[in-house]
Amino acid sequence: MLTKETFNLALRNLLQNPESSHFLLAVSGGADSMALLQLFYSSRFKIQVAHVNYHLRGKDSDADQQLVQDFCSENNIPFHLYEVSDKDQKPENSIQNWARNLRYDFFRKIQKTENLDYLVTAHHLNDQLETFLINLSKASGIHGLSGIPANEKQILRPLLNFTKDEIYAFAEANNLEFREDVSNQKNDYLRNFIRNEIAPKLFETNENFLQNFAKSLNFLNQTKRFVEEKIQQIERELISEKDHVLYLNKAKFAEQDDLTKFEILRKFGFQDEKEIAKIFNADKGKTFNSAEFQLLVDRENFVFIEHTSNQNSTENSEEIIIAESLSSINNREISLSKWIINENETHWVYDEEKLIFPLKLRKKKTGDLIFPIGMIGKKTVSKFFKDEKIPILARQKIWLLCNGNDEVMGILPHRQDRRFSANQDTKSTIKIKF
């Protein structure tokens, strides 16, 4: 049953302290997103709202916009609108993908300009079922079958365990005004066909079908995590690194089962079955490209070179200033949720007097040292990665928190440096949360 209390419980399972975060809610005007908006507003969380008017349904599209805009105006909620125009070049085909990419680009821009921690969408359990069946038809493997993530890349979906019927019941109980998109009743798209034709037949087989599906999805996610851990172990055995280039041993890789091969190559951006088959049959010197990597077929290895625009070498390492000075920090707290993906929200506490500004994020450099909290002595960041058995691919994505002297204050989100941490003699602190 969806209530303010069960919603808050679901949200706190995703974030330990939602009161300290700022949220951007994607609100279309439908029952799902209006319920989400009401729940966040009545819980007094810090929110802003984004709405996209695609102008695909004439007056209906304008009425959707007006409903959301009026709610925000009446309740003093910041409202952001994007109106699609001819410059957005709507395609003849793949309208759904085009629309999705357009709105998420819009949402990300707002998050950046307004300094908002999380985007929140109103996906629910029925959406999970539809996505599962779509991915099942595409042979997407366990990664696709494990469903829509509840917390990923600063996107939260706190309604994923609630059904569409529970959302309608909440809307009715709270006299919520919402709009129905009549185009969803057409079977023009695969998702609509599954929603209108397939799912109702499945519900007829068992009155608890959705609840049982949710349990099965939970088991699949546990299986996925177990598989990922095993594949990371195999990665450490098969992949080596030298000068920011990764080498995957071909002979040992060929001995692995198809699932392991697929999952490892998927991390490099290669996930098309036909392309993977070509990779294994390719002659020496042949190259393949994904969005992030170039794969070169060598005699003994598959060689992965990150594209120049994505490389994090010492020379091209991106630095992000998170605090120019002490006066630039609001409420003695800095949120890193834009850059650090962490399943459970946590924080590190630093001694204000030990801080040297500006504080920044950057990637690892040769010779970086850390004095890990809870350990004696020091070690290089490279040795820390090795000792903690962090996969080579994951190492390239890890941010270091550094001070104005370029000293490492922490390896995010793994370990804080004790030199700058607060202790019993600390008079004033700064909190870094992620």
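The following legends describe close-up views of a predicted model.

**View 1. Residue V297 in strand β10.** Strand β10 spans residues 293-297, and V297 lies within this strand. V297 has a relative accessible area of 1% and is therefore classed as buried, a term that applies under 20%. Leaving aside residues up to four places away in sequence, V297 touches K250, I279, A282, D283, K284, G285, K286, F288 and F302.

**View 2. V297 and R57.** This view relates V297 to R57, a residue 240 positions away along the chain. Their C-alpha atoms are separated by 50 Å.

**View 3. Helix α4 along its length.** Just after α4, N115 adopts a positive phi of about 55 degrees.

**View 4. The buried residues of helix α4.** The buried residues of this helix are I95, W98, A99, L102, Y104, F106, F107, I110 and Q111. These buried residues pack against strands β1 (22-26), β2 (46-53), β3 (79-83), β4 (118-120) and β6 (155-156).

**View 5. The annotated segment 359-432.** According to an unreviewed UniProt entry, residues 359-432 carry the annotation "domain: Lysidine-tRNA(Ile) synthetase C-terminal". In the model, the chain over residues 359-432 is 15% helix and 28% strand. The end C-alpha atoms of this segment are 11 Å apart.

Key. Residues numbered from 1 in each chain as written. Predicted model: local features only at pLDDT ≥ 70, side-chain atom pairs only at ≥ 80, totals over all residues. Heavy atoms only, no water. Helix = DSSP H or I, 4+ residues; strand = E, 2+ residues; numbered from the N terminus. Buried < 20%, exposed > 50% of the residue type's maximum accessible area, 1.4 Å probe, protein only. Contact = heavy atoms within 4.5 Å. UniProt positions renumbered as here; feature names shortened; annotations may be inferred.
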